[in-house]
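Dear colleague,

Please find the structure below. I would be grateful if you kept it open while reading the notes that come after it.

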Amino acid sequence: MAGWLLQGNLTGAGVALDMPITALDPYEDQVLRRIAYLYSLNTTVELSVVNTGGNLGTISEVRQQAGASTSQTSAQGGFASAANTPNISSISTNYARISQTVSSSPPALPTDTDLHRFPIYMNATAGDLQSMDYQDCIDYFIQPAIAYIQSGSPSVQAGGAYHISTSSSVAGSTLVSATPVFIDTRANAAAYTSGGIGEALDQPVNINSYYLHKVTPAANTPQFMPVYWNYSNSSFDEMSLSLFDDIFGPMIQNYVVNGSGEVGTDLKIRYNINGAGNTMGTVMADTYLSGSSASGYTTRFVSTSDYRTQEFPNGTPATNASHTLKSALSN
Amino acid sequence: MNMAIKVSTTPVITNALELQNIATTDGTTQATIQAAVRAADHKLIIRDSAGTETFRLYGVPA
C-alpha cells in the first residue's frame, strides 16, 4: 500500500487538504488536478459562443468616426470654421456572444457504499480513523479543487475553467470558438488625410480580438492515491484510479451545479460579465482615440469653388470601458 | 530446585519460566490472552462515515 492518509480535525477552523507531511504536498496537487481534469471531461457549467443573444449579457464597444465634410466657395467665405464643421461622433457595436448553460441533469452524487467508500482520514479529536462523509469530501477535495478552477489562473489544475485571451491559441486550453466574443476597434487615424476629404466617416481598425477558451489539461495519474477502508476485506487499500474517478468525477460535476446548500460552503460556479467573482483571463478593453473634435479639424483646398473641411478622429488611445469575464461561487 | 515441565521429553515450561513448544491453545487460553491484550487497550478504531465504530484492532505498543 502506497497511498496516503489524511490527517486533520474537522471540528477545528481552517479545514483543508492537509497532507501528513509537507513532502507529500505535490501529491495533493496531483489529486486536485485529477479532480479538475474529471470536471473538464463533463463541464456541467458550460460557456459557449453565439452570434447574438448570449445570456451573459451585452457589452458595448465604442469608437470615433469622422464628422461629415463641408464644401464652400470663396464667395461663401472659403473654409468653414471648426465650429461650423460637423463634429466627430461615436458609434457603438454591441456584443452578446457568451452563453452559459447550467446542466439540468448533472451526474448524481456517488453512493457512499457501506459508509466506507470514501477516503479515510485521521480524526485528531478522537484519534480514530474514519471514513469520510460527503461534507468531508467537500472540505478536503472538492472545495480545494474548485478553488483552483475558479481562481482565474488557467493552470493545469483549473480543468474546465473558462477564460478570455487575445490569442486564439493558448497552451493547455481549447478554443471554444473562432468567433471572438469582443473586438476592440478604433478609428484608423492614419486613414484620414487632408487630400482625402471628404473621407468616409467610419474607417476602423481592429486593435484586439478576444477569444473564449476552456482549460483542458491532459489526463494525469496521481503518483499516490488516498487510502480507504475496504469494508469487505477489512483492510486499508489505496484507491484505484477507477474508484477515485467514480467518486470524485460525479461529485464535482454535481456540486458545481447544485452547490452544497450550506452557508460558507460555496461550490456553485457561475460566470458573469463585470459582476462579482474572480477575473477569468484577460480583461477586454474598449479603447478609442481621445482627441477633441476641434483638434481633428482639417482643410482641403480643391478650387476657389470648393474649400473643404472635415473633423477627423485623433489623439491618443484611451480606455472607454473594461469588460471582464468573472466566475463567482455561491452555496 | 528447578524442574522444567515437560511432555514426554519436550519442555513446555522451562526453568526460566519460558513457555515453549505450545502447538495450540484451547478456547479458555485464547480468551485469556485476548483479554490481556484487550485490557492493555492499545487499539485502532475504524469508523464509518457516520462515525459509527465498525472495526477495532487491538495490538501491543511498539
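The notes below cover a helix pair and then some strands.

This is a predicted model, in which local features need pLDDT of at least 70 and side-chain atom pairs count only at pLDDT 80 or more, while totals for chains, interfaces and linings use all residues. Residues are numbered from 1 along each chain as its sequence is written, chains are lettered from A and ligands numbered from 1 in the order in which they are written, and side-chain values use heavy atoms, without hydrogens and water.

Helices (H or I, at least four residues) and strands (E, at least two) are DSSP runs, numbered from the N terminus. In chain A, helix H2 (residues 134-149) packs against helix H3 (residues 241-258) at an angle of about 70°, and their axes (lines fitted to C-alpha atoms, over the stretch in contact) are 11 Å apart. H2(A) is therefore roughly perpendicular (65 to 115 degrees) to H3(A). Among the residues in contact (heavy atoms within 4.5 Å) are Phe141(A) of H2(A) and Met251(A) of H3(A).

Strands pair if DSSP finds at least two bridges between them. E8(A) is joined to strand E7 (residues 120-123) of chain A by 4 bridges, antiparallel. With strand E3 (residues 43-47) of chain B, E8(A) pairs in the parallel sense over 2 bridges; there, Gln130(A) stands opposite Arg47(B).

Yours sincerely

Technical notes: Axes are lines fitted to C-alpha atoms, for helices over the stretch in contact, and angles run from 0 to 180 degrees between N-to-C directions. Angles under 35 degrees count as roughly parallel, over 145 as roughly antiparallel, 65 to 115 as roughly perpendicular and the rest as oblique.
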